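Have the 3D view ready as you read.

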Amino acid sequence: MKKTKDKKWEHLRFPSDRHFLNSLSKPKMSGNSLFVIEKEDVRVDLKEIHSMGDSVRDGGQFTVSSGRIYSFHDDILYPVSGPGIVNVTSKEYNILVQFRKHPENAAKSLAIMESGGIFDQTEAARVRYLMNLMKMKKDGD
Amino acid sequence: MRKLSEMHFYLNKMLKPDELVIFFSDALSMKISTLDDPTDGAPAFLQLTPYESGSFPLGVNIAWNPSHALRASHIEIAVRLSLYYNALVVTDLPDGYPRKEDPFRWCIAEPDGSLSEISECMTDEKDGLELDETTRKGMAENVEADHGEIRIWMEPDTGFFIKMPVESGDCVRLSRESARKLANVLVTMADRADKIGGATEYV
């Protein structure tokens, strides 16, 4: 079926910086979804939401052709799930915020939390993966 | 349902790490470790994040080993923090609350014991947290009964609602302590309704 252009959702804006690894800010206990893809990929998704509107919407969520799902607050989109989106807990997000400012402290905090069983293996591996990505992005700048 | 093993708060005042370690050790009944004072074998870890912008200069993350059960919810701890430090405390909305996953919606606890749902200020996003007062809405409160919870909430335009979700359909039995707690909650909510001129049509 051919999708028609729908301008109803053209007011929706690009997601907040807090979802991007190089500009993390405020964690929550739930809803910490992070992009591990480039902003250019998100712009493509946004363009699709603007042009396809209701035809890619189900209730309060949009599912675009990349497989990524977005929701929105007022007129700001935020990532929910899908390829290139990682959901983290607030303790993980907090370590990543710390890593941005004081990498040594982040590594130390992570080690203490792992030894106390506060981080399980999956969480610790996810944080290390994200820290590596942050480092690579920083080194690439 | 996800087992709670972490809580996150934002406070509108800076506090000393030592004070918070004592508070959380008591609230969680666990030994607390910090980056500056790691304690061998402590099952909980406290992380503090200062913010230079926004109205909440202190981010507080407390996480613990999931094998340690905790009875208190993050909302109860937020209320305790707020009362104890006479501070505004922001945290996530309660579990099961609509749009809890929305990254811009929060719950704020105030020293008078009130809880509100509130959104972030979206016009000038900063690193730190800034709330939009025009979006504030009062929220429900829960009272523990002998076999379940009594949920009370106010909808300012309509009135007070009391829900007793007992599956059997039986009456809810209250102890003296629970009855007093229920009465106190109702009086607090009625006082709040007076302030905002709400809940005048139905009782």
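## A salt bridge across the interface

Arg100(A) pairs up with Asp127(B) in a salt bridge, and their closest N and O atoms sit 3.6 Å apart. (A salt bridge here is a side-chain nitrogen of Lys or Arg within 4 Å of a carboxyl oxygen of Asp or Glu.) Across the interface of chain B and chain A, the rule finds 3 salt bridges.

There are also 17 residue pairs in polar contact between the two chains, with both residues at pLDDT 80 or more. A polar contact is a pair of N or O atoms within 3.5 Å; within protein, one must be able to donate a hydrogen and the other to accept it, and residues adjacent in sequence count only if both atoms are side-chain atoms.

## Where the numbers come from

This is a predicted model: local features need pLDDT of at least 70, side-chain atom pairs count only at pLDDT 80 or more, and totals for chains, interfaces and linings use all residues. Residues are numbered from 1 along each chain as its sequence is written, chains are lettered from A and ligands numbered from 1 in the order in which they are written, and side-chain values use heavy atoms, leaving out hydrogens and water.

## How the chains touch

Chain B brings 43 residues to the contact and chain A brings 36, where contact means heavy atoms within 4.5 Å. About 3,200 Å² is buried between them, with carbon and sulfur atoms giving 52% of that. Buried area is the accessible area (1.4 Å probe) that two parts lose on being put together, summed over both.

How many cavities of 30 Å³ or more does the structure hold? It holds 2. To find a cavity, a 1 Å grid is laid over the protein atoms alone, and a cavity is a set of points where a 1.4 Å probe fits but cannot get out; lining residues have an atom within 4 Å of a point. Grid points are joined across faces, edges and corners, and a volume is the space filled by probe spheres set on the points.

The largest cavity has about 50 Å³ of space. Its lining draws on both chains, including Arg18(A), Tyr93(A), Pro103(B) and Trp106(B). The second largest cavity has about 30 Å³, and among the residues lining that one are Lys26(A), Glu120(B), Cys121(B) and Asp124(B).

Methods:
1 Å grid on protein atoms, 1.4 Å probe; cavity = no way out; pocket = protein on both sides within 12 Å on 5 of 7 lines; lining within 4 Å.
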